[in-house]
Amino acid sequence: PQPASPAGGMGADGRIPLTEEEEELRSLEALPKQSQLYALRKAHLQEMIQLKYEIQRLQQESQKDDLERQVQTMKKEHQRREWIIQQQQQLLEAKYRKHMAKENPIGKIPQAEEEAGEAEYLPELGFAIYVDYIIDLPTRVQQQVQVVYGFYEGTSPKTATKSLPLADVEVDRAGASLHRAVPAVRRQLKKVPPNSLYKLVVEVQNVVPATLERGPRTQPIGWTMLRLFTQDSTLNKGLWRVPMFTPPIRPDLLPEDLAQLHSIAGMEIFLRIAPSQELDLHDKFSVNPDTTRMQYKYPEGLQKRDLERAVAMAGGPPPRGGY
């Protein structure tokens, strides 16, 4: 018989040689080839060799699957860590913005007509959206909220849905809920051409704390939308207090149609839209629900009396509160 291949060596066909079976198969050559014993032993060994090759193939496929799962797990962990870092960075930015506003606050943003040189909107520079605070949250919302948002052109989404860092529900000195949250976050967008169909869609979600059985989850509370540009394609700059409406989100509607929906009594989100040239001014604005909320104005058709009138005309009940 020929010498066996080294253990773990590779055969000419690229397979790992099964030396014991091969040696046994060669020893059969000494038997009479026409005998029944020869036929039985040869068939048995061939079956064993094929079986071992099949086992090796399955093991290699299993190892490949394990490696692919490990790669996917590592990718997900990397994405999770990046998300955490991004959330931490956004929280630091919000804290820094609040700190700077306290150190050198601007209690009022001049109205456009009062400004000597109103900033012209420049698409290359873009604009920023400030998500300042939410008031009159439903009583069931006790700990944290998350704001998610997206941009639409008519009914077509222009961006993926994005989320802001979690914001705590504020409490007074006695620990009682103030039913409000202050994200105080800025999001800047550049190279956005003027388009009267562009709108911002915002949803506020209640964050349900994690348990031993599952991680934290969110539940929708209310949603709303705001035009980014007016009908004549002018940036819809200003300080806006926008009523919130019961889910589900209706991106098929126009902002002017919101009054037909059921609003969540008293719940409003306070936003600012500013061209990039005015960010230094807006960054110093005091984000304080107690002192600045009266500077924000309602979009056309969305004041409380407008909501009540729309519901009355539709023959429905008055705007209802949180559910």
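Helices (H or I, at least four residues) and strands (E, at least two) are DSSP runs, numbered from the N terminus. This is a predicted model, in which local features need pLDDT of at least 70 and side-chain atom pairs count only at pLDDT 80 or more, while totals for chains, interfaces and linings use all residues. Residues are numbered from 1 along each chain as its sequence is written, and side-chain values use heavy atoms, with hydrogens and water left out.

**Salt bridges**

- The whole structure holds 12 salt bridges (a side-chain nitrogen of Lys or Arg within 4 Å of a carboxyl oxygen of Asp or Glu).
- Side chains of opposite charge can pair when their charged atoms come close.

**Arg180 and Asp290**

- Arg180 pairs with Asp290, with 2.8 Å between the closest N and O atoms.
- Arg180 sits in strand E6 (residues 177-181) and Asp290 in helix H4 (residues 289-292), so this bridge ties together parts 110 residues apart in sequence.
- Arg180 is buried, at 10% relative accessibility (buried means under 20% relative accessible area, exposed over 50%, partly exposed in between; 1.4 Å probe, protein chains only).
- Asp290 is exposed, at 57%.

**Arg227 and Glu256**

- A salt bridge joins the side chains of Arg227 and Glu256 at 2.8 Å, N to O.
- Arg227 belongs to strand E9 (residues 217-227), whereas Glu256 is in the loop between strand E10 (238-245) and strand E11 (263-275); the two are 29 residues apart.
- Arg227 is buried at 12% relative accessibility, and Glu256 is partly exposed at 42%.
- Elsewhere, salt bridges with shared partners join Glu54, Arg57 and Glu61 into one network.

**Arg57 and Glu61**

- The closest N and O atoms of Arg57 and Glu61 are 2.6 Å apart in their salt bridge.
- Both residues lie in helix H2 (residues 36-103), and because they are 4 residues apart, about one helical turn separates them.
- Arg57 is partly exposed at 35% relative accessibility, as is Glu61 at 38%.

**Cavity**

- The search finds 1 cavity of 30 Å³ or more (on a 1 Å grid over the protein atoms alone, a set of points where a 1.4 Å probe fits but cannot get out; lining residues have an atom within 4 Å of a point).
- The largest cavity has a volume of about 60 Å³ (the space filled by probe spheres set on the points, which are joined across faces, edges and corners).
- Its lining includes Ile129, Val147, Phe151, Arg187 and Leu200.
- Strands E1 (127-135), E2 (144-153) and E8 (198-208) each supply at least two lining residues.
- E2 gives the largest share, 3 residues.
- By class, the lining has 8 nonpolar, no polar and 1 charged residues (Ala, Val, Leu, Ile, Met, Phe, Trp, Tyr, Cys and Pro count as nonpolar, Asp, Glu, Lys and Arg as charged, and the others, Gly among them, as polar).

Notes:
On a 1 Å grid over the protein atoms alone, a cavity is a set of points where a 1.4 Å probe fits but cannot get out, and a pocket is an open set with protein on both sides within 12 Å along at least five of seven lines; lining residues have an atom within 4 Å of a point.
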